[in-house]
Amino acid sequence: MDNSLTPRSNDLGLTAAAKANTPIKSQEAKSFGKQLQGFWVTFITIFKKVNTVQYPEVKEPTAERFHGRHQLNRYDDGLEKCIGCELCAWACPADAILVEGETNTEDERYSPGERYGKVYQINYLRCVFCGLCIEACPTRALTMTNEYELADESRAKLIFEKEDLLAPLKSGMLQPPHPMVPGTTHIDYYRGDIKGGSNG
Amino acid sequence: MTPEQALLETQTAVEMITVVIDGFEVTVPKGTLVIRAAEKLGIQIPRFCDHPLLEPAGACRQCLVDIEINGRAFPKPQASCTIPVENNMIVKTQLTSPVAEKAQAGIMEFLLINHPLDCPVCDKGGECPLQNQAMSNGRPESRFEGVKRTFEKPVAISSQVLLDRERCVLCARCTRFSEQIAGDPFITLNERGALQQVGIYEEDPFESYYSGNTVQICPVGALTGTSYRFRARPFDLVSVDSACEHCASGCAMRTDIRRGKTLRRLAGDDASVNEEWNCDKGRWAFKYLTSRERVTSPMIRGEDGELHEASWPEAIAFAAKGLKGKRAGVLVGGRATVEDAYGYSKFARVALGTNDIDFRARPYSEEETAFLSSVALGLKTTYKDIDKADQVVLLGFEPEEESPIVFLRIYKQFRKRALTVISDAPVASRGSVKLNAKSISDIKTISGLTAKSVILVGERLAEKAGALSSAVDLAEKSGAKLAWIPRRAGERGALAAGAIATLLPGGRPVSEASARVDVAAAWSVDSLPTNPGRSTTEILHALTVKNLDAVVVGGVDPLDISNSALSQLLNSFVVSLEITHSSVTAVADVVLPVAAVIEKSGSFQDWQGSTRTFDKAITDSLSRSDVRILSMIADEMGTPINLPTVAATAREIAALGNWDGKKIAFEKTSEAKPVIAEGKLHLTSWRLLLDLGTLQDGEANLAGTARKASARISKSRAEKLGVNEGEFLSISSDLGSLKLPVEISEMADDQIWVPRNSIDSQVIANLGFVSGQVTVVKA
């Protein structure tokens, strides 16, 4: 019991006799060497390389697999990979994702196959960046970027809509809705056989 | 027979058998299937094709178990869904028998070989028996590396049901349902082997009124509903038990809500009413709420003659001012809940001081008023009586069109034991054909009924003079059970709540002084009006001749009454309680928005008279029930009805109870045959289940399976008119005409039948009546 800390409340319960018997040890007296050790660390650090980054003037790249803002990916012809299956929403432990599916038609096609995500929202006030949604996504439509600058002045602005999350169009990509590459099916898309370009 | 005796009888009648399943003994009635006996012990054997309400098929082979009888084991595992229990049977399921476990895992592997990896896009994902049982009883990883069989997907087998043949595990639940329960064998299993698939007949699309049930019982996502396709996942949905607002069958329902919107409705489970089924109208017709423009705020007609939005206190005060001290009537409509109808009833008697109230927004007769006031509420016939009936007589009633679950019950008995069905319809509907109904033209000619027979009377019998009297006569003479089955969900409840001129709540006759005293005491008023009230058309007539100044209208489509009803409202003070903008709101002076079924609690009374309560599905809705609004108006008028909530209303109804005093005697009317003038035909009509009804608005997929309108005439009449099947007829009355294709049917020569409210055939609007004489010529 000697060196153990006793709760304050128990102190009050001690009788005067018990108090007199309690040995009081001066920890300070014996720890001078340890204090020196501490100061030594401080002293050495003065000569080490400075880690401070002058953010936001200077920005350093994050770790390669840093969990940042999500992105909804596209196939090489611009069609969306998201099929609106809601598995991400299902996996989400923070209930941050809302998805509503819709049927693709021949005239209005957003993704290969029958179904696409019509509504896609991620609420970054709720998101804990755990990445379970990424694991759940069956088409690799949802991945995470390294973007971490997610602050804003209103709650509404932190609910990202589908257009905020969609990957930018690269060259050769065409903004959906547009048909699949002629002569292909959704299976070819899923297998990754569609390479660049679009029939428009 | 006392309940004890009944229990004894069932106990002696059914032999009990004890079997051992996984080392546990269980005693079940003879004939029980092994899979069901195992359920009783809490042992779940995986299955797909097995359904307690369908005949066993043994199609999917997933429920294989090891069985041994009298010490002799079956050489191979057996399907537990097809084998009834026997004495000295020892069953080992996957829990205790490695052989059964291996057999089940093998079957699961077979089923999954050709099952596509559609789960992310499949509507069944998350509530899929195949998904669940593949997890619980299947292999963690597939060993199949070949190419899966593919089919074109999806195939629309009707406008509301889509078939994805790749996903099908050939359990035959859908085909068995269609054949055994609905009697519409429009889908079947085609081809054999790996190419076996569910298909429709080319000439007969899957236009069954019950097709939605196949979607609900499909154990995989092979059958999906068009309107729910890709809409949501089960975890999105908040499910609420509710009751169906469409007809008087009284189905238990499940309503699935996502963010304040109904996404789908499923049949609920009630063995005594709808078993596990419902009709497509109940399942899919729920968009009426969002398809029309909703009344979102109270509106007052200003000096300029236009409706302007107003605050609630303003609108209530305006309505109260327009009604106070005026001679006013009340039109309730047949869609009100019991509580709302009670509110209208009390409002008319207490706040308006009148008996001018009627819930019938449809053709009716004085004879029907008498029938409803004296006979209808005393009828105690139930679905059980149909189950036990030796004969069923349908009078002015088409069960498949007007109360589909009643049809399913009759069909169940018809299929089981060839129940005799008699119908007075002038022409056989498809429902009558399915029931092989014997057609009679005169109720008086029906003979051979016994105390076990059931006479089902529809609201349309009122359209034939004297027919209701003959039906009551028939029931009295033969001892047969009588039931009145209105078409709308709210009519029976409105009758019980006294929303009719002749009755106070609980079936108390207005004409009985003691009944009035009874109710007046309960309502804490000095007296209740004694003068005989007006019925629907009388109220409308009184408005035109200025015998009435004002009218309160709750959810009535004037075109259901007559084609002049709307114009009869024009010159009086109209208070309209409505969900959406309608023809009545267009002529109303005050429009008060009310809650729809999903936004309020309440109850309906089904045709049996039993109460079907439902709760608010959208709990944060600000819409109020009719009764609450009426209560506010009454307060403002200084004649409070004290019904602030639905719950308070329900309590008051319960406290008031039913009338046990003297009933009005039913004054019978003698039958009068309609006289058919030379060269004319007698037109009859009824509504089809799927037609232009307001509550079916906005559901194009459902409307796609509605039966096409046609005019049915006899073969010889068609020859006389010189028309062939499919050619057009012009049918005209003094007020207007219809043009419809001919369908030649077996019927009397001087008769013609058309649907009452279908596309191209709106009888009241076009001809001005629902039955009567018409001139028919080739168009």
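Student: Why does F230(B) count as buried?

Tutor: In this predicted model, F230(B) has a relative accessibility of 1%. Buried means under 20%, so F230(B) counts as buried.

Student: Is N436(B) buried or exposed, and how do you know?

Tutor: The relative accessible area of N436(B) is 59%. Exposed means over 50%, so N436(B) is exposed. N436(B) also has a positive phi, about 50°, without being a glycine. Its place is the loop between α15 (430-434) and β21 (438-439) of chain B.

Student: Why is the pair of Y411(B) and F414(B) called tilted?

Tutor: Rings pair if their centres lie within 6.5 Å, and here the centres are 6.1 Å apart. The angle between the planes is 40°. Planes under 30 degrees apart would count as stacked and over 60 as edge-to-face, so the rest, this pair included, count as tilted.

Student: How far apart along the helix are Y411(B) and F414(B)?

Tutor: They are three residues apart in helix α14 of chain B, so about one helical turn separates them. An α-helix has 3.6 residues a turn, so residues three or four places apart point the same way.

Student: Why does Y411(B) count as buried, and which cluster does it belong to?

Tutor: Y411(B) has 9% relative accessibility, and the cut-off for buried is under 20%, so Y411(B) counts as buried. Ring pairs link Y411(B) with Y210(B), F407(B) and F414(B) into a cluster.

Student: How do you know that the buried residues of α23(B) line one face of the helix?

Tutor: The buried residues of this helix (residues 646-656) are V646(B), A648(B), T649(B), E652(B) and L656(B). Seen down the axis of α23(B), they fall within an arc of 160°, so they line one face. The face turned away from the buried side carries the exposed residues R651(B), A654(B) and A655(B).

Student: What covers the buried residues of α23(B), and what follows the helix?

Tutor: The cover includes α10 (338-351), α18 (513-522) and α22 (626-637) of chain B. Just after α23(B), G657(B) takes a positive phi of about 70°.

Student: What makes K162(A) a charge over the ring of Y110(A)?

Tutor: The charged end of K162(A) is 5.3 Å from the centre of that ring and sits over it. The distance limit is within 6 Å. The charged end of K739(B) likewise sits over the ring of F728(B), 5.6 Å from its centre.

Student: Which peptide bonds are cis, and what are their omega values?

Tutor: Among them is the bond joining P176(A) and P177(A), with omega about 5°. Another joins K153(B) and P154(B), with omega about -15°. P177(A) lies in the loop between α7 (162-165) and α8 (186-191) of chain A, and P154(B) in the loop between α4 (129-137) and β7 (155-156) of chain B.

Conventions:
Residues numbered from 1 in each chain as written. Chains lettered and ligands numbered in written order. Predicted model: local features only at pLDDT ≥ 70, side-chain atom pairs only at ≥ 80, totals over all residues. Heavy atoms only, no water. Buried < 20%, exposed > 50% of the residue type's maximum accessible area, 1.4 Å probe, protein only. Helix = DSSP H or I, 4+ residues; strand = E, 2+ residues; numbered from the N terminus. Arc of directions from axis to C-beta. Contact = heavy atoms within 4.5 Å. Phe/Tyr/Trp six-rings, centres within 6.5 Å; stacked < 30°, edge-to-face > 60°. Lys NZ or Arg CZ within 6 Å of the ring centre and 35° of its normal.
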